[in-house]
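Thanks for coming, everyone. Let me put the structure up and then walk you through it piece by piece.

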Amino acid sequence: MTGQEVKDDWYRAAYTPQMAKLPWAQRTGSEVDRLLRMLEPLGGERILDLGCGTGRHALELARRGFSVVGVEISQANVEVARDAAKAQSLPVEFVQADLRDGRWHREFDVVLSLNDGAIGYFPTEAENRRVFEVISGALKGPGRHVAQIPNVMHVEKSPSGKSRIEGAEAVELVDHHWNSQTRCQEGTITYLGEGFEKSQPIPFRKRLYSVEELRDIYESVGMRLTNLFRGNGKPGRPRNTQYELFLQACKATAP
């Protein structure tokens, strides 16, 4: 492990337009298929995609007929997403914003936090909880939030280690360890491939949540955790062999 300091905005360096070359970025179609199995939409839902990166999920959802707004902090990523939407004649709105600003009020039927969606990325507990306040505020009652985040049970089982994911154009290397006191996964991400500057390790820190913590957080913002899913998108409690946690929460209707 490296002793490099984790910057408050580490995600800006970790998630750039070069993400399109990474192995997991090639699975967009199957990931949206899984999302729709979990969501079981009626059709016509208006969707907010938080931390949308270069817009791959938002664009795919628009191809399937949904009205989508993507929100991303990186202007470079937003420009790539907008160019893709224009080139494909897809009516997706991409907004450059810090999602903590919470500018949306009961506008959406569904909010998405896919591939983390910036959940747990911020330096303080208050900022990370703010994300859930924004999600609740953006939803109409009884709108839904669908999240795909690291499974803390898996991390606790394997508290340190290294992973290597190879794709046709790039390789992602992750060196991580679990800090049980802060409840954070910490480490470095390194990308290898053409276009990745000097392949320097990027220190990161992610606050991870148990199902019980998430249930309490949702209740504190007027929502209810309703479903847990396995990696195939079918209902089921997570196992410690499952790398990611998939969940759905519902906004309470107004009295």
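This is a predicted model: local features need pLDDT of at least 70, side-chain atom pairs count only at pLDDT 80 or more; totals for chains, interfaces and linings use all residues.

Let's start with strand β5, where nine of the twelve residues are buried, so this strand is largely enclosed by the rest of the structure. "Buried" here means under 20% relative accessible area, "exposed" means over 50%, and partly exposed is in between, with a 1.4 Å probe and protein chains only.

Residues are numbered from 1 along each chain as its sequence is written, and side-chain values use heavy atoms, leaving out hydrogens and water.

Back to β5. Pro-142 lies in this strand, and the peptide bond joining Gly-141 to Pro-142 is cis, with omega about 0°. As background, most residues other than glycine have a negative phi, and most peptide bonds are trans. Keep the phi part in mind for later.

So which sheet does β5 belong to? It's an open sheet of seven strands, in the order β3-β2-β1-β4-β5-β11-β10, and the pairing is mixed. Two strands count as paired if DSSP finds at least two bridges between them. At the edges stand β3 (93-96) and β10 (223-229), each with a single partner strand, so one side of each has no neighbour in the sheet. On average, neighbouring strands here are turned by 20° against each other, ignoring direction. Those angles use axes that are lines fitted to C-alpha atoms, for helices over the stretch in contact, and they run from 0 to 180 degrees between N-to-C directions.

Looking at one pair in there, β4 (residues 108-113) and β5 (residues 139-150) run parallel and are joined by five bridges. Leu-112 stands opposite Val-146 in β5.

Now the helices on this sheet. Helix α5 (residues 125-138) lies across β1 (46-50), β4, β5, β10 and β11 (244-251), at about 145° to β5. Helix α7 (residues 211-220) lies across β5, β10 and β11, and runs at about 150° to β10. Contact, by the way, means heavy atoms within 4.5 Å.

Helix α2 (residues 28-39) has twelve residues, and from first C-alpha to last it reaches 16 Å, close to the 16 Å expected at 1.5 Å a residue. That expected span is 1.5 Å times one less than the number of residues. Buried residues in α2 include Val-32, Leu-35, Leu-36 and Leu-39. Among what covers the buried residues of α2 are α3 (56-63), β4 and β5.

What about the core? The largest nonpolar core has 51 residues, and Tyr-15, Leu-48 and Leu-247 touch the most other members. A nonpolar core is a set of buried Ala, Val, Leu, Ile, Met, Phe, Trp, Tyr and Cys residues joined through side-chain atoms within 4.5 Å. The largest share of this core, five residues, comes from α5. There's also a second, separate core of 26 residues, which includes Leu-35, Ala-85, Leu-112 and Phe-229.

On to the other sheet. It's open too, with four strands in the order β6-β7-β8-β9 and antiparallel pairing. Its edge strands are β6 (160-166) and β9 (202-207), each pairing on one side only. Strand β8 (residues 184-192) pairs with β9 over six bridges, in the antiparallel sense, and the bridge partner of Gly-187 is Phe-204 in β9.

Glu-186 lies in β8. Is Glu-186 buried or exposed? It's buried, at a relative accessible area of 13%. Its side chain makes a polar contact with the side chain of Arg-205, at 3.5 Å. A polar contact is a pair of N or O atoms within 3.5 Å; within protein, one must be able to donate a hydrogen and the other to accept it, and residues adjacent in sequence count only if both atoms are side-chain atoms.

Last stop, back to phi. Glu-40 isn't a glycine, yet has a positive phi of about 45°. Glu-40 sits in the loop between α2 and β1 and is exposed, with a relative accessible area of 61%. Ser-89 has a positive phi near 55°. Ser-89 is in the loop between α4 (75-87) and β3, and is exposed at 63% relative accessible area.

Note on methods:
Helices (H or I, at least four residues) and strands (E, at least two) are DSSP runs, numbered from the N terminus.
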